[in-house]
Amino acid sequence: MTTQKTLAGKIALVAGATRGAGRAIAEQLGAAGATVYVTGRTTRTQVSEVGRAGETIEQTADLVSSAGGTGIAVQTDHLEADQVRALTERIDRDHGRLDILVNDVWGGNFLLDFNTRMWDVDLDRGLRMLDLGTRSHIITSSIALPLLVREPGGLVVEVTDGTAETNKGFRENFFYDLAKNTPIRMAFILGEELKSVGCSAVAVTPGFLRSEEMLDIFGLTEETWRDGIDKQEHWALSESPLYLGRGVAALAGDPERARWNGMSLDSGRLAREYGFTDADGSRPDVWGYMLAEQAGGTPSIDDYR
């Protein structure tokens, strides 16, 4: 897929770009010509509580630059307002503008206790999950939005897990449910506020993401991922991080992107709208498949890939 330089001259901040969807989004924004500030807590010399030393923000910045953009790595803990403020001031000092803010901070998978009732979950673990997945987004938006709204056309992208429609059901963990539904509501509320200054906000979600962490859990690589289909049916509809990365880049480069203001969109819908595919040429749509199942149907995997 050849990416046009639709974002040449644009300045983007991808908060939480160390790995997974955040890394791919940053890389694809770079492929579209943007200057991308990539942030996270894991660097070549320091490792966050997630404990994955093999993925760093410097690697992500290099990928952005190799893709055709300009990648700038800035170690930032987005729960520390002073660090976010220093980052925003640096962007302002160097460029005087911020066109795209992607809130992808998470890193809470290691805290998950699925199938555990709220009162049986360790409170500190649950609150830490909310800090990582919700409070970090609020702090970043509060501090960065005054720079983003300086010029019309700014875009806020809230990355989460699931859309407003697919998240109507129980997400199996009280704290995870709140952490992943809040960004959807944030995009809606911010969209209402941003439209008065000519900007917009959208929530986006991958489907069944083949992140580095998920591949490790399955004991697979991106080259051998199909070997995991027998272990989990929906794995057949999994997608690489590139898929959502292409979706966000296409969305950011759409001159009519304001039509999505306040909405939540999944990678499959973005692919249908903008005509891109995953790395293997497919268009997986696991959310569509699961909704069809929940409606009592017997969908075919082949019809959703």
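1. Let's start with the rings. A search of the whole of this predicted model finds 8 aromatic pairs. One of them joins Trp106 and Tyr176 in an edge-to-face arrangement, with 5.9 Å centre to centre and 65 degrees between the planes. Trp106 sits in the loop between β4 and α4 while Tyr176 belongs to helix α5, so this pair ties together parts that are 70 residues apart in sequence. Both Trp106 and Tyr176 are buried.

2. Tyr176 has another partner to look for. Phe114 and Tyr176 also form an edge-to-face aromatic pair, at 5.8 Å centre to centre and 80 degrees between the planes. Here too distant parts of the chain are linked: Phe114 is in the loop between β4 and α4, Tyr176 is in helix α5, and they are 62 residues apart. Is Phe114 buried or partly exposed? Phe114 counts as partly exposed because its relative accessibility is 38%, whereas Tyr176, at 7%, counts as buried.

3. Some rings have a charged neighbour. Lys180 lies over the face of Trp106, 3.8 Å from the ring centre. Likewise, Arg210 lies over the face of Trp225, at 4.0 Å from the ring centre. Trp225 also belongs to a cluster in which ring pairs link it with Phe208, Phe218 and Trp235.

4. Now turn to strand β4, residues 100-103. Strand β1 (residues 11-15) pairs with β4 in the parallel sense over 4 bridges, and Leu13 has Leu101 as its bridge partner. Strand β5 (residues 155-159) also runs parallel to β4, joined to it by 4 bridges, with Val156 standing opposite Leu101. From β4 the chain crosses through helix α4 (residues 123-148) to β5, a right-handed β-α-β crossover.

5. Two threonines in loops are worth a visit. Thr42 lies between β2 (35-40) and α2 (57-67), and it is buried because its relative accessible area is 1%. A polar atom of the Thr42 side chain lies 3.1 Å from the backbone nitrogen of Ser48. Leaving aside neighbours within four places in sequence, the contacts of Thr42 include Thr18, Arg19, Arg52 and Glu55.

6. Thr166 is found in the loop between β5 and α5 (174-194). Why is Thr166 called buried? Its relative accessible area is 13%, and buried means under 20%. The Thr166 side chain reaches the backbone nitrogen of Thr163 at 2.8 Å. Not counting residues up to four places away in sequence, Thr166 touches Trp287 and Leu291.

How values were computed:
Residues numbered from 1 in each chain as written. Heavy atoms only, no water. Pairing = 2+ DSSP bridges. Right-handed = clockwise from strand over helix to strand, strands pointing away. Buried < 20%, exposed > 50% of the residue type's maximum accessible area, 1.4 Å probe, protein only. Polar contact = N/O pair within 3.5 Å; in protein donor to acceptor, adjacent residues only side chain to side chain. Contact = heavy atoms within 4.5 Å. Phe/Tyr/Trp six-rings, centres within 6.5 Å; stacked < 30°, edge-to-face > 60°. Lys NZ or Arg CZ within 6 Å of the ring centre and 35° of its normal.
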